Amino acid sequence: MRAAVLQEIGQDKLEVFDDVEATGFGPGRVRIRVRATGLCHSDLSAMSGVLPQPAPFVPGHEGAGEILEVGEGVRNVKPGDRVVVCWLPACGACPACRRGQTELCLAGFMNAGTPNFRRADGDVFGFAGTGTFTEEAVVDAGCAVPIPDDVPYDIAALIGCGVTTGLGAALNTADVEAGSSVAVIGCGGVGVSAIQGARLKGAAEIVAVDPVVSRREAALKFGATKAVPPEELPDAKQQVTGGEGFDYVFEVVGRSATARTAYENTRRGGTLVVVGAGAMDDVLQLNMFELFFDEKRILPSLYGGGDVLRSYERTIALWRAGRIDLAGLITHRVPLTGINEALEQMRTGTALRTCIEI
């Protein structure tokens, strides 16, 4: 079968091979025919080494498809079911799951160290224990979440990561208060989803911050009340909040520099939500006086900061009701053979989300 593979960490292009085999099928596992997958910035971060991932590996973790085969003991899905790929499944038994913090379950991360694929010259890993830039994938049954038949594969793929992460940051982690002021720094697919979440919660002012003109224009269509390049954020802060700072600031880039900017533009007593996934050696510096004196809440948000399965259901309900726009997030479409074109669209910021149709 075909799959896109990164041979070595640090390479900027993927190679599409047709001799890749999905491995590991057995009890508690399922085989998925991938139909659509989105390109998330985390895939680029894994390719560059910002996020830890053994290589060679098949990137992709935001996917959807249909079940081809189920292993012994699998009860949640059956052949023919449409599913979204969940890269962070909850085991239901660890301390985090028992506390109701299923997004902190480490079971899914343990899968990242086990090869999911094989070629003639050796094992190949799947990013985040999945790897969706492929025609077929074998994953734990918990990674395959059934979806209704009326949800298209491309929409379902977005729900698998970007939309759940962005919406959840606003709805779950921040729990944005109606009438509040919000700034979102970084307006790709995740940032725009956070904007939609803030709009749903009734934020009065939502300022989108991004250096790319097309992304700023898109943010306005999705609910932002103002969109500015980074250098104009101080003026927007003055105009919208009288210089006090925003009630909520979402950092959706994953860099200490933008996190620091987000902190400085959060009002005293306000909330900074860290959504972007950054590098382990990129350190955010805060002095102890400001940390104490400003009483700003700093809330990291992993995968939307809530129960993933409930978040999927909520997102589908909101989409059906027309309360959120998911189709509009897909600005580009390419086949698997065009994966490097999709990577360039992500790097240049020309795409909110590129759908790889498989």
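Asparagine 265 counts as buried in this predicted model, because its relative accessibility of 8% falls under the 20% limit that defines burial. The residue is placed in the loop that joins helix α9 (256-264) to strand β16 (266-274). When residues up to four places away in sequence are set aside, asparagine 265 touches Leu233, Lys237, Gly245, Phe246 and Val249.

In soluble globular proteins, nonpolar side chains tend to be buried together. The largest nonpolar core of the model comprises 96 residues, within which Val30, Ile32, Phe133, Val182 and Phe250 touch the most other members. Helix α4 (residues 153-159) supplies the largest share of this core, with six residues.

Strands of a sheet pair through backbone hydrogen bonds, either parallel or antiparallel. Four strands form an open sheet in the order β3-β8-β9-β5, and their pairing is mixed. At the edges of this sheet lie β3 (21-22) and β5 (57-58), each of which pairs on one side only. Strands β8 (residues 117-119) and β9 (residues 122-126) are paired in the antiparallel sense over three bridges. Phenylalanine 117 stands opposite valine 124, a residue of β9.

In an unreviewed entry, UniProt lists residues 10-352 under "domain: Enoyl reductase (ER)". This span is 31% helix and 24% strand, and its end C-alpha atoms lie 23 Å apart.

Terms used:
Residues are numbered from 1 along each chain as its sequence is written. This is a predicted model: local features need pLDDT of at least 70, side-chain atom pairs count only at pLDDT 80 or more; totals for chains, interfaces and linings use all residues. Side-chain values use heavy atoms; hydrogens and water are left out. Helices (H or I, at least four residues) and strands (E, at least two) are DSSP runs, numbered from the N terminus. Buried means under 20% relative accessible area, exposed over 50%, partly exposed in between (1.4 Å probe, protein chains only). Contact means heavy atoms within 4.5 Å. UniProt positions are given in the numbering used here, feature names are shortened, and annotations may be inferred rather than shown by experiment. A nonpolar core is a set of buried Ala, Val, Leu, Ile, Met, Phe, Trp, Tyr and Cys residues joined through side-chain atoms within 4.5 Å. Two strands pair if DSSP finds at least two bridges between them.
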